[in-house]
Amino acid sequence: MKKIWVDADACPVVIKEILFKAAQRTQTPLTLVANHAIRVPPSKLIQFRQVEGGFDVADNWIVQQCEANDLVITADIPLASEVIAKGALALNPRGELYTESNIRARLNMRDFMESLRSSGVQTGGPDALSQRDRQAFANQLDRWLVQNR
């Protein structure tokens, strides 16, 4: 059975709520991974795994656990790249599905923006999660759930 893994440290609450409902509705195992406690509803399908604090500890745990065709929810582009290399899929909370064909460009843009920030250029952060983002996420999640029943 395919599983959903969530890089939960920075995952918006509204996205977690969508995931909780979808896991229950479709009987899909869901695991949230973070280095701090996160409340999850009582369910045999929904698990929380707290990992030690530290750089990329949660990411590394997810990479080790996920399998081909699992779905990983993350806004972390390097993590998305690693799970795609394992044959899993990655979806960010704004509804963008990372794939083999687009992940390299996303990594390059991330590195470029990071170099701008480190040189003192103010690049600003991402916009707040919009209703359109939430809908795009829910739609992509539903597509994956239908394809992996």
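Guide: Helices (H or I, at least four residues) and strands (E, at least two) are DSSP runs, numbered from the N terminus. By that rule the chain has 5 helices and 6 strands, and from the N terminus on they follow one another as β-α-β-β-α-β-α-β-β-α-α. This is a predicted model, in which local features need pLDDT of at least 70 and side-chain atom pairs count only at pLDDT 80 or more, while totals for chains, interfaces and linings use all residues. Residues are numbered from 1 along each chain as its sequence is written, and side-chain values use heavy atoms, with hydrogens and water left out.

Visitor: In what order do the strands of the sheet lie?

Guide: Strands of a sheet pair through backbone hydrogen bonds, either parallel or antiparallel. Two strands count as paired if DSSP finds at least two bridges between them. Here an open sheet of 6 strands has the order β3-β2-β1-β4-β5-β6, with mixed pairing. Both β3 and β6 (97–98) stand at the edges with a single partner strand each, so one side of each lacks a neighbour in the sheet. Strand β5 (residues 89–91) pairs with β6 in the antiparallel sense over 2 bridges, and L91 stands opposite L97 in β6.

Visitor: Which strands does helix α2 touch?

Guide: Contact means heavy atoms within 4.5 Å. Axes are lines fitted to C-alpha atoms, for helices over the stretch in contact, and angles run from 0 to 180 degrees between N-to-C directions. Helix α2 (residues 57–65) packs on the sheet and touches β1, β2, β3 and β4, its direction making about 170 degrees with that of β1. Helix α5 also packs on the sheet, where it touches β1, β4, β5 and β6 and makes about 160 degrees with the direction of β5.

Visitor: How many residues form the largest nonpolar core?

Guide: In soluble globular proteins, nonpolar side chains tend to be buried together. A nonpolar core is a set of buried Ala, Val, Leu, Ile, Met, Phe, Trp, Tyr and Cys residues joined through side-chain atoms within 4.5 Å; buried means under 20% relative accessible area, with a 1.4 Å probe and protein chains only. The largest such core has 21 residues, and I4, V6, L19, L30, I73 and L141 have the most contacts inside it. Helix α1 gives the most to this core, with 5 residues.

Visitor: Which residues of α1 are buried?

Guide: In α1, the buried residues are I15, K16, L19, F20, A22, A23 and T26. They pack against β1, β2, β3 (46–50), β4 and α5.

Note on methods
Buried < 20%, exposed > 50% of the residue type's maximum accessible area, 1.4 Å probe, protein only.
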